[in-house]
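Subject: Structure for your records

Hello,

Here is the structure I said I would pass on. Please open it alongside this message.

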Amino acid sequence: MDGIHDLGGTDGFGTVPHHVNSQSYKPVFHEPWEHLAYSLLFLGADHLKTFNVDELRHAIERMEPRQYLAAPYYDRIVVGTASLYVEKGVLTQAELEALAGGAFPLARPQTEGRAARPTRSHFEVGDEVIATRDFIRGHTRMPKYVRGKKGRIVHRTSVEWPFPDAAGHGREALRQPTYHVSFDAKDLFGDGAEASSVVVDLWEGYLEKAGAPNV
């Protein structure tokens, strides 16, 4: 879906604050409540088998845009996980708000996902491909700035993964390899971009051989 989470290539938001990683051991969490996010996530996804990680990603994408932009990283995980607990019937919203001590805004309702295209011959390193120009109402892990753009395969994974557009909606998902696809930055972002390349990890179902019809 084209939501507030998919801002790659969008300007006007100012610089992105970040921390430089190092080899030293630093606290993973910066606030005492943040560990709760992962505890709730693994309780639902692993112990209870209530949802998968792509469903969580989609729940976070479905947050109201102003709430999403204002929420820190771990708060988004809490909201997404709580939304799935309610949607899957683990608890009611009334029970959740009683536990939270007040109103607890949840993610907006989801739409139906889509299945992967039928399996075909794999791409090989060096192949030129085009990211499909799709409008996707549900979950996807293909950023909109690569849609319709030509790139080149630089790596294919040896492991196959569930197609996220289906998995994100709890549907049975065809397993596919993913590819590291290199795009020219100017092709993605215009002549104002640096002379460099951008490598994006894309599922096979998001790609067509360059010159083939986009079906």
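Below are notes on the domains, one serine and some salt bridges.

This is a predicted model, in which local features need pLDDT of at least 70, side-chain atom pairs count only at pLDDT 80 or more, and totals for chains, interfaces and linings use all residues. Residues are numbered from 1 along each chain as its sequence is written, and side-chain values use heavy atoms, with hydrogens and water left out.

Domains

An automatic or database domain assignment divides the chain into domain 1 (33-100) and domain 2 (127-209). Their C-alpha centres lie 27 Å apart. Contact (heavy atoms within 4.5 Å) involves 6 residues of domain 1 and 9 residues of domain 2. The two domains bury about 590 Å² between them, 47% of it on carbon and sulfur atoms; buried area is the accessible area (1.4 Å probe) that two parts lose on being put together, summed over both. Of the area that domain 1 buries against domain 2, Asp54, Arg57 and His58 supply 66%, more than any other three residues. The count of salt bridges between the domains is 0, a salt bridge being a side-chain nitrogen of Lys or Arg within 4 Å of a carboxyl oxygen of Asp or Glu.

Ser83

Ser83 is found in helix α4 (residues 73-87), where helices are DSSP runs (H or I, at least four residues) and strands likewise (E, at least two), numbered from the N terminus. Ser83 counts as buried because its relative accessibility is 1%; buried means under 20% relative accessible area, exposed over 50%, and partly exposed in between (1.4 Å probe, protein chains only). Its side chain reaches the backbone oxygen of Val79 at 2.8 Å. Leaving aside neighbours within four places in sequence, Ser83 is in contact with Leu106 and Ala107.

Salt bridges

The rule gives 11 salt bridges. One of them joins Arg114 and Asp134 (3.1 Å, N to O). Arg114 lies in the loop between α5 (93-100) and β1 (128-131) and Asp134 in the loop between β1 and β2 (150-162), so the pair ties together parts that are 20 residues apart in sequence. Arg114 is partly exposed at 23%, while Asp134 is buried at 15%. Asp134 also forms a salt bridge with Arg117, at 3.4 Å between the closest N and O atoms. That pair is 17 residues apart, and both of its members are buried.

Arg156 forms a salt bridge with Glu124, again with closest N and O atoms 3.4 Å apart. Here strand β2 is linked to the loop between α5 and β1, 32 residues apart.

Regards

Conventions
A polar contact is a pair of N or O atoms within 3.5 Å; within protein, one must be able to donate a hydrogen and the other to accept it, and residues adjacent in sequence count only if both atoms are side-chain atoms.
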